[in-house]
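Subject: Structure handover

Hello,

Here is the structure I promised you. Please open it, and keep it in view while you read my notes below.

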Amino acid sequence: TDLFESPDYYLLDELLSDEHKLIRQSVRDWVKKELSPIIDTHAQNATFPKQLLKGLAEIGAFGPTIPEEYGGAGLDYTAYGIIMQELERGDSGIRSTASVQGSLVMYPIYAYGSEEQKHKYLPKLASGELMGCFGLTEPDHGSNPGGMVTNIKDTGDHYLLNGAKMWISNAPFADIAVVWAKDESGKIRGLIAERGMKGFTTPETHNKWSLRASATGELVFDNVKIPKENILPNVAGLKGPLGCLNQARYGIAWGAIGAAMDCYDTALRYAKERVQFGKPIAGFQLQQKKLAEMITEITKAQLLAWRLGTLKSENRATAAQISMSKRNNVDMALHIAREARQILGGMGITGEYSIMRHMMNLESVITYEGTHDIHLLITGMDITGLDAFK
Ligand code: TGC
Ligand code: FAD
């Protein structure tokens, strides 16, 4: 059997264009050839596979929806989602690298940057010549980013940046960081910090049991001089970073399906081959319940993601709709990973199979980009009109 057979129980392929299917095939082929053979070793050793960056750029994983004049591919959001799904079928950490680069670094420069900033950074970010990271979370401000204390002070010819960001994907190797900081009036502004600026360091975060093949770090700013032309001119307030999160959360809603599909495929294949008590374990009702529920949940998640993609491409997807899909689909994937792990028995805990790695990765995915709880409260606020955060 093809290890990358994609479940399509409701014939959803009929809702995709030929271009979507072509993109999916090319990313799937790349994942199978370049990522899958090496990912377990990198996860076991907690090393980031830097050698994949060039290939990720070549398959168009960095900023696929950014217009061609800035080095992107000008694709629709369904195509973007499909790319994230196929990458996360391989590993959530590699999908993270692409999410951050495209949705959290290229998108803010594209949406809030000056023409000069767009021309200076976007083509190089699309080609992977420059890698970026996104600094919003702080040690004392995770779910509540509006409380951030990182700040900039206007000194006349530049800004002085002070503060620290924590849990930043790609930080240890990023060339640039899109950073959110408060100005003297308390307004949140976005800026571009560059590696090499005096006072800017990126210590790596070690000992993670999750996203082990993704590099995570801090961003520490000690009186860093930020030239005025590095401020993103066209946004102020929390809606700046939250607007970027809409992009990344959307991609994660698709990405999680990829991880779930890989767990389901693996468990189904294993259950059909593994014989206990004289018959394949797939023949026992308890295992069929698990597998049947998995494909049901994957199919529901696919429908959510597909419809959300269509709305997003039409610029009609609301932030609350994106929260619902991110929350549902990541939770779905984590449940499937846990069930699939059990179907494999003892083998499920080894690196021979991808399931345990997906399961551990998804513990980060259900926490970052807004926790499971936060997304529920966003839905709660949307349907009741009452804000549980205040
Ligand atoms: P609140 O008062 O509700 O809103 C402040 C302003 O922001 C606007 N807004 C949004 N704008 C765009 N998109 C959204 N999704 C928005 N949500 C709110 C809002 O309209 C308002 O605008 P204005 O003009 O009136 O000022 O804000 P709040 O302080 O009550 O917080 C709301 C809350 C809790 C929902 C929000 O802060 C939140 O989403 N918290 C979760 C934080 C989070 O998701 N952090 C993610 C960090 S990045 C990351 O994890 C990357 S992992 C990447 C990887 O490796 O893949
Ligand atoms: P807290 O906000 O302290 O939450 C702790 C618990 O309290 C959670 O269960 C939460 O749901 C709950 N809680 C909080 N507020 C409420 C409430 N109002 N009501 C009910 N329950 C509540 N951030 C970036 O900026 N850039 C990145 O690239 C990035 N990458 C990451 C990579 C990894 C591997 C991880 C783990 C995190 C990353 N993050 C990044 C940070 C991530 O976004 C935060 O971890 C997340 O937003 C949660 O913040 P916190 O960890 O401070 O948890």
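Start with ligand 2. Its shell holds 22 residues, and L136, G142, S143, T371 and D373 come nearest. A residue counts as near a molecule if its C-beta atom, placed from the backbone, lies within 6 Å of it. Strand 1 (132-135), strand 3 (158-169) and helix 10 each give two or more residues to this shell. Helices (H or I, at least four residues) and strands (E, at least two) are DSSP runs, numbered from the N terminus. By class, the shell around ligand 2 has 11 nonpolar, 9 polar and 2 charged residues. Here Ala, Val, Leu, Ile, Met, Phe, Trp, Tyr, Cys and Pro count as nonpolar, Asp, Glu, Lys and Arg as charged, and the others, Gly among them, as polar.

A word on the model itself. It is predicted: local features need pLDDT of at least 70, side-chain atom pairs count only at pLDDT 80 or more, and totals for chains, interfaces and linings use all residues. Residues are numbered from 1 along each chain as its sequence is written, while chains are lettered from A and ligands numbered from 1 in the order in which they are written. The mean pLDDT of the protein chain is 97, and 99% of its residues reach 70 or more. pLDDT is the predictor's confidence in each residue, from 0 to 100. The model's ipTM is 0.99 and its pTM is 0.98.

Now ligand 1. Its surroundings comprise 25 residues, with S96, G146, S169, A319 and G370 the closest. Which helices each supply at least two residues of this shell? They are helix 4, helix 6 and helix 10 (372-384). Helix 6 gives the largest share, 6 residues. The shell around ligand 1 splits into 13 nonpolar, 10 polar and 2 charged residues.

Look at helix 6 next. It runs over residues 239-273, 35 residues in total. From first C-alpha to last it reaches 51 Å, close to the 51 Å expected at 1.5 Å a residue. The expected span is 1.5 Å times one less than the number of residues. Helix 6 bends by about 25 degrees at A253. The bend at a residue is the angle between axes fitted to the seven residues ending there and the seven starting there.

Helix 4 (residues 92-112) has a kink of about 35 degrees at M106, shortly before the proline P108. Why is helix 4 said to be largely enclosed by the rest of the structure? Because 20 of its 21 residues are buried.

Positions follow the numbering used here, feature names are shortened, and annotations may be inferred rather than shown by experiment.

- "Acyl-CoA dehydrogenase/oxidase N-terminal" is placed by UniProt at residues 17-129. That span is 72% helix and 0% strand, with its end C-alpha atoms 31 Å apart.
- "Acyl-CoA oxidase/dehydrogenase middle" is listed by UniProt for residues 133-224. That span is 0% helix and 48% strand, and its end C-alpha atoms lie 17 Å apart.
- "Acyl-CoA dehydrogenase/oxidase C-terminal" covers residues 237-381 in the UniProt annotation. That span is 76% helix and 3% strand, with 20 Å between its end C-alpha atoms.

Finally, a few single residues. Most residues other than glycine have a negative phi. N223, in strand 7 (residues 216-227), has a positive phi near 50 degrees. N223 counts as exposed because it has 11 C-beta neighbours inside 10 Å. N315 also has a positive phi, of about 60 degrees. N315 sits in the loop between helix 7 (285-313) and helix 8 (319-343). Is N315 buried or exposed? It is exposed, with 7 C-beta neighbours inside 10 Å.

I322 lies in helix 8. With 26 other C-beta atoms within 10 Å, I322 is buried. I322 and L304 are 18 residues apart in sequence, and their C-alpha atoms are 9.6 Å apart in space.

Best wishes

How values were computed:
Buried ≥ 20, exposed ≤ 12 C-beta atoms within 10 Å, placed from the backbone.
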